[in-house]
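Welcome, and thanks for taking a look at this one. Below is a friendly tour of a protein chain, meant to be read alongside the coordinates.

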Amino acid sequence: MNKSLWHDASADVGTPCHAPLSGNISADVLVIGGGMAGLLTARMLSEAGAEVVLTERNTLCSGVTQNTTAKITSQHGLIYAKLTRKYGAKRALEYLRANENALRHYRELCKKIDCDFEERPSFVYSLNDRRALKEEVAALDRIGFPARFTANIPLPVSTVGAVKFPRQAQFNPLKFAAGVSKGFKIYENTEVLELTPNTARTAKGKITAKAVVCATHFPFINKHGSYFLKMYQQRSYVLALTGENVPDIRGMYIDEAENGLSFRNYGKYLLLGGGGHRTGKLGGGWRELCGFAYKYFPDLKEKFRWATQDCMTLDGIPYIGRYSANTPDFYVATGFNKWGMTSSMTAAELLTDMITGRKNEFEQLFSPSRSILKPQLALNALEAASNLLTLSERRCPHMGCALKWNPQERTWDCPCHGSRFDADGNLLDNPATGSIKADK
């Protein structure tokens with residue numbers, strides 16, 4: 001099993017172990033999911049005076065959080081020009097302010113947590129589309145953010161420039177998670193098997209709560225919210241390279257192209273990310289990254305490799321708020337579009353305000369009930385229909401789609417909604433909630 005470098009780099013801190021739930025309990029709020037979004041939401045609600053219980057199907061941060069590249073930034077690709085074109089400068093400014101607020105909150109928390117927090121500029125570069133970069137700078141200038149175009153960046157590839165965001169940040173996510181997972185009850189190895197209004201049933205008990213937050217990466221309740229139509233999942237891969245001559249690239253970099261490469265330093269390592277593809281489809285994976293590393297960093301050696309999975313929304317904006325219009329006490333945080341760190345903090349701030357009755361100016365921006373009439377909806381529906389009609393012995397227990405074999409990771413992956421299973425059929429990634437029978 002491939003593991004990220006964060007495990008090795010966090011060994012001196014350690015993550016406290018928590019017993020499974022046994023018996024019936026009650027709380028003001030139940031948070032389901034022990035990744036970054038769940039932990040921050042539980043912590044903030046607890047600090048606001050709520051009695052909070054958090055449950056995790058496995059162990060804390062054992063899902064997507066442990067596999068992040070851990071960039072804390074409000075620069076999410078070239079999103080501001082896109083938002084300005086589609087929704088106007090006001091919506092783009094709201095998105096920027098929400099993520100800059102999240103970045104500021106991380107700065108304050110990290111003053112008290114030893115998590116290798118470092119301020120770094122972030123860059124979105126392009127190999128061939130200078131015009132797109134200039135449009136992004138113009139959109140940011142319009143909403144008053146001090147981004148700038150830069151022609152030269154210290155990467156081994158030829159680019160036409162980059163958009164630079166000052167004073168962004170990076171950290172070790174597992175060290176940070178260990179520091180914030182305090183002040184509320186946590187039950188690990190506690191899977192929610194059934195959820196009815198205000199009650200969650202687990203294998204050995206029940207939890208009654210006034211409000212419930214679903215922070216399980218991909219929502220697992222299908223009858224509300226239509227998340228199976230509103231999202232798909234994307235896999236991406238990372239290598240941690242080390243050696244005597246690791247370049248100091250003095251920032252965080254990502255290609256504006258959907259399946260381009262990303263770079264950042266962490267101590268003695270250079271993190272090289274990319275090889276992405278829709279879950280269940282073929283892509284470059286580690287093979288692409290290894291080829292790039294061999295060509296451009298021949299003196300460096302691979303020390304760690306890992307992969308992650310991201311929920312992609314219809315419009316590039318996360319779904320944070322009420323799970324659906326018909327579930328007033330049921331909330332969700334999902335669809336972070338590869339930007340899970342700032343989106344997790346934004347989710348925690350917004351959900352805490354909503355649950356405690358405070359007004360939050362970003363509620364409409366992130367509302368899961370906003371319009372779904374987007375071009376991506378038709379593509380998602382077409383992918384699901386195609387795979388439902390595909391003949392296959394192995395089908396996803398989530399909604400019955402045909403599974404595809406992933407030879408690089410030796411897993412069975414669902415092209416419809418992103419569930420994944422190991423060679424033995426054991427569940428690796430949701431939204432499926434059960435395993436399958438599979439040959440080795």
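This is a predicted model: local features need pLDDT of at least 70, side-chain atom pairs count only at pLDDT 80 or more; totals for chains, interfaces and linings use all residues.

**Helix α10**

- Helix α10 covers residues 375–388, which makes 14 residues. From first C-alpha to last, α10 reaches 21 Å, close to the 20 Å expected at 1.5 Å a residue.
- Six names make up the buried set of α10: Gln376, Leu377, Asn380, Glu383, Ala384 and Asn387.
- The packing partners of the buried residues of α10 are α7 (227–230), β11 (232–242), β14 (269–278) and β18 (404–406).

**Helix α8**

- Helix α8 spans residues 285–296 and has 12 residues. Its reach from first C-alpha to last is 17 Å, close to the 16 Å expected at 1.5 Å a residue.
- Gly285, Trp286, Leu289, Phe292 and Ala293 are the buried residues listed for α8.
- Arg287, Tyr294 and Lys295 are exposed on the face of α8 turned away from its buried side.
- The cover over the buried residues of α8 includes β11, β13 (262–266), β14 and β15 (301–312). β11 and β14 also pack against the buried residues of α10.

**Aromatic rings**

- An aromatic pair is described by the distance of the ring centres and the angle of the planes.
- Tyrosine 106 and phenylalanine 176 form a tilted pair, at 5.3 Å centre to centre with 50° between the planes. This pair links distant parts of the chain, with tyrosine 106 in helix α4 (residues 89–110) and phenylalanine 176 in helix α6 (residues 173–180), 70 residues apart. Tyrosine 106 and phenylalanine 176 are both buried.
- The rings of tyrosine 227 and tyrosine 323 have centres 5.1 Å apart and planes at 75°, over the 60 degrees of the cut-off, so this pair is edge-to-face.
- Tyrosine 227 belongs to helix α7, while tyrosine 323 is in the loop between β16 (319–322) and β17 (330–334), so the pair ties together parts that are 96 residues apart in sequence. Tyrosine 227 and tyrosine 323 are both buried.
- Lysine 230 has its charged end over the ring of tyrosine 227, 4.4 Å from the ring centre. The charged end of lysine 230 also sits over the ring of tyrosine 319, 4.7 Å from that centre.
- One aromatic cluster is formed by Tyr80, Tyr95, Phe145, Phe165 and Phe366.

- Strand β9 (residues 199–202) has Ala200 and Thr202 on its covered face, with Thr199 and Arg201 on the uncovered one.
- Strand β8 (residues 194–196) pairs with β9 in the antiparallel sense over three bridges, and glutamate 194 stands opposite arginine 201.
- The hairpin of β8 and β9 has two residues between the strands, and asparagine 198 takes a positive phi near 70° there.
- β9 also pairs with strand β10 (residues 205–214), antiparallel over four bridges. Here arginine 201 has lysine 206 as its bridge partner, and the hairpin of β9 and β10 has two residues between its strands.

- β1 and β10 run parallel and pair over nine bridges, with alanine 27 opposite alanine 209.
- β1 is also joined to strand β2 (residues 52–55), in parallel, by four bridges. Leucine 30 stands opposite valine 53 in β2.
- Alanine 19 is in the loop between α1 (5–9) and β1 (23–32). Its relative accessibility is 52%, so alanine 19 counts as exposed.
- Leaving aside neighbours within four places in sequence, alanine 19 is in contact with Ile186, Tyr187 and Glu188. Alanine 19 and isoleucine 186 are 167 residues apart in sequence, with their C-alpha atoms 8.0 Å apart in space.

Key:
Residues are numbered from 1 along each chain as its sequence is written. Side-chain values use heavy atoms; hydrogens and water are left out. The expected span of a helix is 1.5 Å times one less than its number of residues. Buried means under 20% relative accessible area, exposed over 50%, partly exposed in between (1.4 Å probe, protein chains only). Contact means heavy atoms within 4.5 Å. Rings of Phe, Tyr and Trp (its six-membered ring) pair if their centres lie within 6.5 Å; planes under 30 degrees apart count as stacked, over 60 as edge-to-face and the rest as tilted. A charge sits over a ring if NZ of Lys or CZ of Arg is within 6 Å of the ring centre and within 35 degrees of the ring normal. Two strands pair if DSSP finds at least two bridges between them.
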